Amino acid sequence: FMEKPVCVKESDIAEAYDYCEARGVLLYCGFHRRFDPALRKFQTSINAPGFGPCELLHVFGRDSPCPPVEFLKTSGGIFHDLMIHHIDQAQWCMGSPVSEAVALTHTWTPELANIDPLVLEETASVILKFRNGGMAVIDNTRRAPRYDERMEAFSIKGVKKFGYDPLDESTHHLTADPFIRFADGYRLELDHMADLVRHKEIVPMEVTREQSISNSRIATKLMESAEKKTVIRME
């Protein structure tokens, strides 16, 4: 079991999966938010015939507290360390591969802004376009006063929201601790891992090798987009 991401480079992720598979070892990459009961309810509801297809998805990820500068220097950057969760959420909710991506970033802390290479952005806004025509807007910051995770989905049939409360979508939900906010997701994720170990022949893996690689590939493309200040087409 590994928390996201397995590695930063796509080739290293594939190598890790190959190494484990050759030795009969299960490798599972954790994206715990897929197991959050409220998020699963949201994902199911926006893909139901009475709502979908989802045309626009807005994902808010405001992280708190900001990690120490020494961690950020080795974190892999905001796309691989933080936004990769939201990339996974967007792909999972939209149910379609990403075809184009564009990102803008900014670093507010002078100590980070002066470090080269510039992979230490504290704020990022992203647009992902999917092959089915849908789009997702993701905004992340490491500088929020409190931890804040929300999503909003739009279709011609209405709007649905996630994150305004773990189980009740009517009240805005903020917490100072992500481990409290997603406690059920972490627990259910480990339950799933145990099920895979005991019954891997019959239990489908929630996050597959291909999905893990895809999330990291998009994060890398977003870094490229932010650096080149251009739209990147997915291969």
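**Salt bridges and a nonpolar patch**

Author: The side chains of Arg209 and Asp18 meet in a salt bridge, with an N to O distance of 2.7 Å; a salt bridge is taken here as a side-chain nitrogen of Lys or Arg within 4 Å of a carboxyl oxygen of Asp or Glu. This is a predicted model, in which local features need pLDDT of at least 70 and side-chain atom pairs count only at pLDDT 80 or more, while totals for chains, interfaces and linings use all residues. Residues are numbered from 1 along each chain as its sequence is written, and side-chain values use heavy atoms, with hydrogens and water left out.

Reader: Is Asp139, the salt-bridge partner of Arg62, buried or exposed?

Author: The closest N and O atoms of Arg62 and Asp139 are 3.1 Å apart, and the pair links strand β3 (residues 56-62) with strand β6 (residues 135-141), 77 residues apart. Buried means under 20% relative accessible area, exposed over 50%, and partly exposed in between (1.4 Å probe, protein chains only). Arg62, at 21%, is partly exposed, whereas Asp139, with a relative accessibility of 15%, counts as buried.

Reader: What separates Arg187 and Asp191 within helix α7?

Author: The side chains of Arg187 and Asp191 form a salt bridge at 3.8 Å, N to O, and both residues are partly exposed, Arg187 at 45% and Asp191 at 38%. Because they are four residues apart in helix α7 (residues 183-199), what lies between them is about one helical turn.

Reader: What accessible area does the nonpolar patch on the surface have together?

Author: Patches are made of residues with over 30% relative accessible area and no salt bridge, like charges being joined within 9 Å and nonpolar side chains (Val, Leu, Ile, Met, Phe, Trp, Tyr) within 5 Å. One of the patch residues is Val137, which is found in strand β6 and is partly exposed at 32%. With areas from the Shrake-Rupley method (1.4 Å probe, only the protein chains shown counting as cover for residues), Leu56, Ile127, Met135, Val137, Phe154 and Val159 together have about 440 Å².

Definitions and conventions: Helices (H or I, at least four residues) and strands (E, at least two) are DSSP runs, numbered from the N terminus.
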